[in-house]
Structure formats: C-alpha cells, structure tokens
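Student: I have a structure open and would like to go through it with you. Can we start with the ligand and work outwards?
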Amino acid sequence: MEKRVFSKSFTQQDAIPEAGIARAIELMQTGRLHRYNLAEGDINDVSQLEIEYAKWQEVDYCIACTSGGYAIQLGLRVCGVKPGDKILANAYTLAPVPGAIQNVGGVPVLVDIDENYHIDMADLEAKAAATGARYLLLSHMRGHIADMDQITDICRRYDICLIEDCAHTMGAKWRGKRSGNFGKVAAFSTQTYKHMNSGEGGFLVTNDAEMAARAVVSSGSYMLYGRHGARPADDVFDAVRLYAPNYSGRMDHVRAAMLRAQLPQIDDNLARWNRLYDRLHQHVLEMQGTVIPRRKQEEFYVGSSIQFRAESLSRAVIPDFVSACHARGVELKWFGDETPKAFTSRYDSWKYLGDMPELPNTLHILDKTLDMRVPLTFDIEDCDLICDIIAEELTRFSSFEAAS
Ligand SMILES: *Cc1c(COP(=O)(O)O)cnc(C)c1O
C-alpha cells in the first residue's frame with residue numbers, strides 16, 4: 001500500500017494582516033523607522049503598541065524590545081541581578097534562557113522537571129533552601145504552566161524574585177490570571193514562531209514603576225523616555241535616569257505596526273490553536289505506546305506546539321522513528337538528543353555554564369519526549385493525517401522492537 005505523506009510546511013505561519021503590511025509600507029515611505037524619530041502629529045506605533053499590549057495583558061507597564069531573549073536579560077537586570085547571583089531555572093527550556101542568565105553574569109541553579117513538563121516543586125524548594133538563590137527565572141516551556149499557587153508560595157517563603165519567561169504562554173492563564181502577571185517582571189517574544197509575529201521582537205511587562213522606568217532607560221531610551229506609551233510618571237524617571245545604563249535593544253515602528261495589526265486577532269488565533277491542539281491531543285491519547293502530559297484544570301493553555309512521549313520505543317530507535325516520520329512530511333523534534341539540533345537542545349549541552357548537576361527526572365522525561373510545532377496554517381484534516389502517520393510509524397517501530 002502506498003504510504004500517505006503530509007505535504008504542508010511546519011514552519012509556515014499566517015501572513016501579516018493587510019493593515020499591518022499597509023502601515024509598514026507607509027512607515028518605510030516616510031523613512032521614520034526609529035521609535036524616537038517622530039514628526040509632528042506622527043502616530044508613534046511603538047508607543048501605541050506598548051499601550052495596547054499592556055491593556056490586553058492587564059499590566060501597568062510594557063517595554064517593546066528587540067527580542068524575547070533581550071527582554072529576559074533586561075528583566076533580570078531590573079530585578080537587580082548582579083554578577084555571581086544565583087538564579088533558579090527549570091532545566092527544560094530553550095537556549096536563550098541560559099544565555100540570558102550567562103549574559104547578566106548570573107550563576108544558574110538548574111531545577112528538575114516533573115512528568116507534566118512543569119518545574120519540580122520539591123527540587124525547587126530543596127534548591128532554594130540549599131543555595132539561598134533569590135531569583136527564579138521560570139520558563140512556561142512549551143506552554144505548560146506549573147501550579148502558580150505553589151510557585152508564588154515558594155517564592156514568598158524564600159524571598160525569591162520571580163521572573164516569568166512567557167515565550168510560549170502569551171494569552172495563557174492560570175486560574176483566570178494571565179501568564180506573566182505572577183512575577184515581578186515577565187518577558188514575551190514576538191519572534192516568528194511565537195503567538196505574534198514580527199520576525200524578531202519582545203516585550204517586558206511589569207507593575208513595578210521603578211523597574212519599568214529602569215527598563216525603559218536601559219532598553220535604550222536616552223533621555224527620550226517621555227515618548228514611551230505604557231510608562232511610569234516623570235518623577236520615577238528622575239530618580240533612575242542617570243543610574244540605568246543604556247543596553248540598546250529597542251523595537252522599531254515597522255515591527256510595531258505588524259504587531260498592532262495582529263493584536264486585535266490574537267484571541268481568535270489562540271482559539272484556532274486550541275482547536276488544532278485538542279484534535280492532536282485526542283489522537284495522541286488514543287495511540288498505543290504514547291504518554292501525553294496532563295493539563296491541569298486551572299490552566300488555560302495555548303496549544304501552539306504539542307509534546308508527547310514515545311514510551312513504547314527504546315531510546316536507540318527514536319532517531320530512526322523521527323526520520324521515518326520526517327520522510328512522510330511530519331516534523332518531530334526529539335528533546336532527548338544529546339546533540340543539539342536546530343532549535344532544540346538539552347540542558348547538558350550548554351557547556352558554557354560549566355559543570356551541570358545530574359537532573360535524573362529531566363533526563364528521563366526528555367529521553368522519549370517528542371515535540372511538534374502546530375502552525376495556524378494547518379487545519380483539522382491536517383491534524384488527522386499527521387496523527388495517522390505518527391501512529392502508523394509508531395506501530396511499525398514498536399513491532400520491530402517487539403520482534404528483535
Ligand atoms: C523563543 C524563546 C525565547 C526567546 O525569544 P527570542 O525572541 O527568540 O529571543 C525564550 N524562551 C523560550 C522558552 C523561547 O521559546
């Protein structure tokens with residue numbers, strides 16, 4: 001029988017909405033792209049975006065910047081991280097996270113994860129107690145939100161400043177409260193593969209006026225912070241403006257125009273993602289030999305990617321299984337690989353951090369963890385075909401293994 005093949009691209013995002021394209025062209029025609037380059041009566045797209053995003057996110061202050069990784073770095077700095085400070089972080093995350101810690105001179109204290117891809121609460125508490133770390137950089141990795149009641153309780157008891165990395169949780173909630181609104185500051189990414197797309201970009205958000213003022217100046221405002229949108233009052237800037245270094249990392253008007261056009265559609269897009277995710281989740285749940293993480297009821301997730309474990313396969317055959325799916329057009333990433341590939345890397349490959357602790361649960365869970373991106377250019381039938389292919393290959397590989 002001819003094997004069916006999936007032919008759509010796993011990296012194809014939606015087009016930028018027409019209004020965003022039109023505004024970007026208009027801006028390019030004026031040549032006024034820098035966020036502080038404003039003629040009399042100009043709209044100031046970046047500042048408007050900051051106001052609109054802060055409103056949607058339900059926070060007081062928002063600083064638009066060059067990338068999500070930059071926003072994390074800036075967040076760590078305004079929270080007061082100094083070289084040598086210890087920073088707790090879940091070991092299952094993307095490489096810009098350890099990179100940001102290293103960039104600010106922090107010393108990472110990597111924490112194990114549990115089988116649902118959340119930070120392991122017992123390990124977090126043990127390491128908070130043992131190291132005296134005063135910062136937790138928490139990635140809601142692949143959209144899995146840990147029990148935020150427990151997290152905030154641990155942070156309160158150990159006097160830990162929480163920095164949230166919401167690169168995969170823009171729009172997600174825990175008990176009705178938006179991801180990003182639990183810590184002192186939160187970082188978001190608007191890089192192409194996230195929930196809004198400006199190619200590159202990010203936001204830092206906070207309700208703390210002094211941190212916001214320092215973030216604005218450090219993002220590279222010079223003395224033009226008055227041209228920011230969701231910002232604190234002038235007297236807050238008076239106190240910090242000569243003490244916050246300029247770490248130049250501003251967003252420009254063209255990117256802001258693309259994002260402003262996407263924001264009114266974001267809630268619809270989140271619902272579209274979840275329709276696809278729920279279909280995929282249902283199929284994977286029904287497959288023999290797979291385990292899929294449990295979602296907590298308190299969580300409103302955004303399923304822009306899906307993770308599951310191929311428990312019926314041995315570690316040794318996973319690369320061949322991934323290749324077989326790939327040959328039929330289905331792109332799975334294997335988080336258990338020792339060798340970093342494309343965007344995916346395991347924590348023990350971040351050699352610049354020095355010796356890493358052995359994190360047995362993380363290694364065990366990632367060992368068979370497969371990850372698939374879910375672009376909005378897919379539809380429900382695509383989800384069905386993709387899962388048929390995965391299930392067929394899984395059955396084929398499992399029976400090889402049973403026979404050998
Ligand atoms: C994408 C991502 C980032 C960084 O975002 P960039 O905008 O690419 O710098 C940080 N953390 C996680 C978990 C991410 O996936």
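Student: How far is a backbone N or O atom of Gly 68 from an oxygen atom of the ligand?

Tutor: The distance is 2.7 Å. Keep in mind that this is a predicted model.

Student: Which side chain has a polar atom 2.7 Å from a nitrogen atom of the ligand?

Tutor: That is Asp 165. Ser 189 also takes part through its side chain, where an N or O atom is 2.7 Å from a ligand oxygen.

Student: How much of the ligand does the protein bury?

Tutor: The protein buries 93% of the 380 Å² that the ligand exposes when taken alone.

Student: Which elements give two or more residues to the shell around the ligand?

Tutor: Those are α3 (68-78) and α4 (96-103). The largest share, three residues, comes from α3. In total 16 residues surround the ligand, and the closest are Gly 68, Gly 69, His 168, Ser 189 and Lys 194.

Student: Staying with α3, is Gln 73 buried or exposed?

Tutor: Gln 73, which lies in helix α3, is buried, because its relative accessible area of 17% is under the 20% cut-off.

Student: What is Gln 73 in contact with, leaving aside neighbours within four places in sequence?

Tutor: Its contacts are Ala 100, Asn 103 and Val 104.

Student: New topic, the largest nonpolar core. Which residues touch the most other members?

Tutor: Tyr 53, Leu 136, Ile 151, Phe 203, Phe 321 and Val 330 do, in a core of 80 residues. Helix α13 (residues 380-403) gives the largest share, eight residues.

Student: Where does this core lie relative to the domains?

Tutor: Between domain 1 (18-265) and domain 2 (266-403), because both give residues to the core.

Student: And what does Tyr 53 touch?

Tutor: Not counting residues up to four places away in sequence, Tyr 53 touches Cys 62, Met 170, Phe 188, Met 196, Phe 203, Val 205 and Leu 263. Another core, of 40 residues, lies apart from the largest one, and its members include Ile 63, Tyr 135, Leu 204 and Val 240.

Student: Over to α12. Which of its residues are buried?

Tutor: In α12 (residues 360-367) the buried ones are Thr 362, Leu 363, Ile 365, Leu 366 and Asp 367.

Student: What do they pack against?

Tutor: The buried residues of α12 pack against the strands β3 (107-111), β12 (305-310), β13 (333-334) and β14 (369-373), and against helix α11 (318-327).

Student: There is an Asp in α5 that I wanted to check. What does Asp 123 touch?

Tutor: Asp 123 sits in α5 (residues 121-131). It touches Leu 110, Val 111, Asp 112 and Leu 359, with residues up to four places away in sequence not counted. Asp 123 is buried, with a relative accessible area of 17%.

Student: Last one, Lys 8. Where does it lie?

Tutor: Lys 8 is in the segment before α1 (18-30). Its relative accessible area is 33%, so Lys 8 is partly exposed.

Student: What does the side chain of Lys 8 reach, and with which side chain does it make a polar contact?

Tutor: The side chain reaches the backbone oxygen of Thr 377 at 3.2 Å. The polar contact, at 2.5 Å, is with the side chain of Asp 382. Not counting residues up to four places away in sequence, Lys 8 touches Phe 378 and Asp 379 as well as Thr 377 and Asp 382.

How values were computed
Residues are numbered from 1 along each chain as its sequence is written. This is a predicted model: local features need pLDDT of at least 70, side-chain atom pairs count only at pLDDT 80 or more; totals for chains, interfaces and linings use all residues. Side-chain values use heavy atoms; hydrogens and water are left out. A nonpolar core is a set of buried Ala, Val, Leu, Ile, Met, Phe, Trp, Tyr and Cys residues joined through side-chain atoms within 4.5 Å. Buried means under 20% relative accessible area, exposed over 50%, partly exposed in between (1.4 Å probe, protein chains only). Helices (H or I, at least four residues) and strands (E, at least two) are DSSP runs, numbered from the N terminus. Domain bounds come from an automatic or database domain assignment. Contact means heavy atoms within 4.5 Å. A residue is near a molecule or strand if one of its heavy atoms lies within 4 Å of it. A polar contact is a pair of N or O atoms within 3.5 Å; within protein, one must be able to donate a hydrogen and the other to accept it, and residues adjacent in sequence count only if both atoms are side-chain atoms. Accessible areas come from the Shrake-Rupley method with a 1.4 Å probe; for residues, only the protein chains shown count as cover.
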